[in-house]
Amino acid sequence: MNQKIESRRDVLKQLVSLTALGALGVLRTGQLAASDATDKLYSTVIPGVKGKIISRTDSNYELWRQAMVWHHSKPKRYPELIVQARSEEDVINAVKHAAKNKLKVSVRAGGHNSTGTSVREGGMVIDVSALDEVEIDEEKQVASIQPGVRSLHLVTAAREKGLSFPVPHCPSVGLSGFTMGGGIGWNYPQRGGMATHSIVGADIITADGKRVTANAEQNQDLFWAVRGAGPGFFGVVTRLYLQLYPVPKSIMASSYIFPLSELETVTQTLEKIRKEHDVSRVELITVLMHHPEVPADAPPEQSKICFFTAFAFEDSTEMAKAALLPFAESALATKSVVQAEYQEYSFEGLYDRYFSLKDPAGRQGRYIVDNVLTNDGSATLQALAKHMHKAPTKDCHILASYNLRLEEKQDSCFSWVADCFVGCYAIWDEEADDDKNYGWLSETLPLMDPFAVGHYPNEVEPRHKDRYKKCYSPENWQRLAQLREKYDPEGVFHQYLTQTEATGGRG
Ligand SMILES: Cc1cc2nc3c(=O)[nH]c(=O)nc-3n(C[C@H](O)[C@H](O)[C@H](O)COP(=O)(O)OP(=O)(O)OC[C@H]3O[C@@H](n4cnc5c(N)ncnc54)[C@H](O)[C@@H]3O)c2cc1C
């Protein structure tokens, strides 16, 4: 009896603290580490695993299951076990246990993936979010990070040594999911377009529970796969080695806002500038969005805007100003309704900007996304502009990142030649609006796909047919399948989320 009361109290205590964490925005980053006082709540034991093991019959299973996914579109898929690894040993023992007991394994790191791909029906989730050490080798300019490290953590650790990484544009995104599935990070034009190409090595637990290191010299086939396979990777990465770069000495941004009806002015001016000046080092972002300060029900003509920003990352203020000058001397400056030019930032200060602008991308609602990689970002935006008028909520938006400068890669399964990423995001609150929002997103495909050379695997919607397959060239897709067969012949790891799983599974 006492035991029962005690454990109810523990559940309550944990719920209260989790709610508080949620309110503080901590829970959304997924660091759901229950206190040791609640240990008795967890009944399952896996030999050699010291971290929490949550089984489907545990009273707080649902809390943990939902916390695996950052946004609010929680999948209606129910794993048998969630193992929160506390060490690499835990990961090894969990994988061995799963293989022996035919529990298919999925991996969860920062939990930000829009598909909720770590939460699958049955099987075991290995949650690596509590493994969050960062070590910086200043001389080699390489960061060695555990898989639970998030963007802001690496920014600050590297900054202390005068170094930086092309981290995601939102501070809480998990770096292992981000880099393994591509990664369009800050200053991407000067950092190879996708952060995955800055992975210089990885420690991987393979399906047989062995730990292997993959880099340009050892296990090159796994190295090729870890650079881009993302949510379809067949192993658990327990450490990533990331190439760092000097922190740019001067970061400056110039922003220009137009009514959406003026999109053509923006795209034509942008293309003219790109033709007449070398602005290939500048990060160019165009967002079609609802003006954050205009009521949600205002007519599109009065609420939808085109928000263009050029970010310069340079070695001096003079160089940054020079990089932004072509924009300041163009129709962007003379015809826009709002301008904010030559604004200075520190690298981490870019995140303050992000929040102060009430950027809808970071809002934690229900969340789905799909995208194209294209060599004609402007035409793609034009094709999507009218559709923006029909956006079902004020947080739905369309974002184009120009100057990706993606080149063919032999040492990475993610290999496209593309200039621009265009992503369409639906973000909303109520479950009752799911169909409306999914409908809006799926209607973007016939508009944007004609411009696609490929797609970006971290931000596709698997309810759309063959979406993951289309993120790779046919040869690379086939080679990934061959490597999966070689390293995971028994199918211990889940593959890419299928259309059937996604259709039946989303809440
Ligand atoms: C608010 C927000 C902002 C974003 N900003 C950007 C941005 O600026 N640029 C950009 O390119 N993308 C951005 N993204 C997308 C982001 O890159 C993906 O959602 C990415 O998958 C997140 O990684 P994660 O570790 O947080 O997610 P998770 O959901 O934990 O991981 C996704 C999947 O990746 C695989 N995986 C992750 N870690 C491992 C590992 N250690 N071993 C094996 N497999 C692993 C697993 O299959 C896992 O299920 C953003 C997303 C959100 C929600």
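Which residues does Val337 touch, not counting residues up to four places away in sequence? The legends below take up this question first and then turn to other close-up views.

**View 1. Val337 and its contacts.**
This is a predicted model, in which local features need pLDDT of at least 70 and side-chain atom pairs count only at pLDDT 80 or more, while totals for chains, interfaces and linings use all residues. Residues are numbered from 1 along each chain as its sequence is written. Val337 touches Ile257, Phe258 and Pro259, leaving aside residues up to four places away in sequence, where two residues are in contact if their C-beta atoms, placed from the backbone, lie within 7 Å. Val337 and Ile257 are 80 residues apart in sequence, yet their C-alpha atoms are 5.8 Å apart in space. The place of Val337 is in the loop between H10 and strand E15 (338–345); helices (H or I, at least four residues) and strands (E, at least two) are DSSP runs, numbered from the N terminus. Val337 is exposed, with 10 other C-beta atoms within 10 Å. A residue is called buried if 20 or more other C-beta atoms lie within 10 Å of its own, exposed if 12 or fewer, and partly exposed in between, with C-beta atoms placed from the backbone.

**View 2. The protein as a whole.**
The protein has 16 helices and 19 strands, and of its 507 residues 50% count as buried. Among contacts between residues at least 6 apart in sequence, 72% join residues at least 24 apart.

**View 3. The shell around the ligand.**
The ligand is surrounded by 37 residues, of which the closest are Gly110, His112, Asn113, Gly174 and Gly177; a residue is near a molecule if its C-beta atom, placed from the backbone, lies within 6 Å of it. The elements that give two or more residues to this shell are strand E3 (105–108), helix H5 (175–180) and strand E10 (236–243). The largest share, four residues, comes from H5. By class, the shell has 16 nonpolar, 19 polar and two charged residues, where Ala, Val, Leu, Ile, Met, Phe, Trp, Tyr, Cys and Pro count as nonpolar, Asp, Glu, Lys and Arg as charged, and the others, Gly among them, as polar.

**View 4. Helix H4 and its buried face.**
In helix H4 (residues 151–159), the buried residues are Ser151, Leu154, Val155 and Ala158. Seen down the axis of H4, these buried residues fall within an arc of 105 degrees, so they line one face of the helix; the arc is that of the directions from the helix axis to the C-beta atoms. The buried residues of H4 pack against strand E5 (134–137), strand E6 (142–145), strand E7 (163–164) and H5.

**View 5. Helix H7 and what covers it.**
Helix H7 (residues 263–276) has 14 residues and reaches 20 Å from its first C-alpha to its last, close to the 20 Å expected at 1.5 Å a residue, the expected span being 1.5 Å times one less than the number of residues. The buried residues of H7 are Leu263, Val266, Thr267, Thr269 and Leu270. They cover an arc of only 165 degrees around the axis, which puts them on the same side of H7. On the other side of H7, Lys275 and Glu276 are exposed. The cover over the buried residues of H7 includes strand E12 (250–259), strand E13 (283–290), strand E14 (304–314), helix H10 (331–335) and helix H12 (377–389).

In H15 (residues 474–487), Asn476, Leu480, Arg484 and Tyr487 are buried. Seen down the axis of H15, these buried residues fall within an arc of 85 degrees, so they line one face of the helix. On the other side of H15, the exposed residues are Pro474, Glu475, Gln478, Ala481, Gln482, Glu485 and Lys486. What covers the buried residues of H15 includes helix H6 (220–226).

**View 6. Val226 in the largest nonpolar core.**
The largest nonpolar core has 139 residues, and those with the most contacts inside it are Val95, Ile126 and Val226; such a core is a set of buried Ala, Val, Leu, Ile, Met, Phe, Trp, Tyr and Cys residues joined through C-beta atoms within 7 Å. Not counting residues up to four places away in sequence, Val226 touches Met180, Ile199, Ala202, Ile204, Ala214, Phe233 and Val237.
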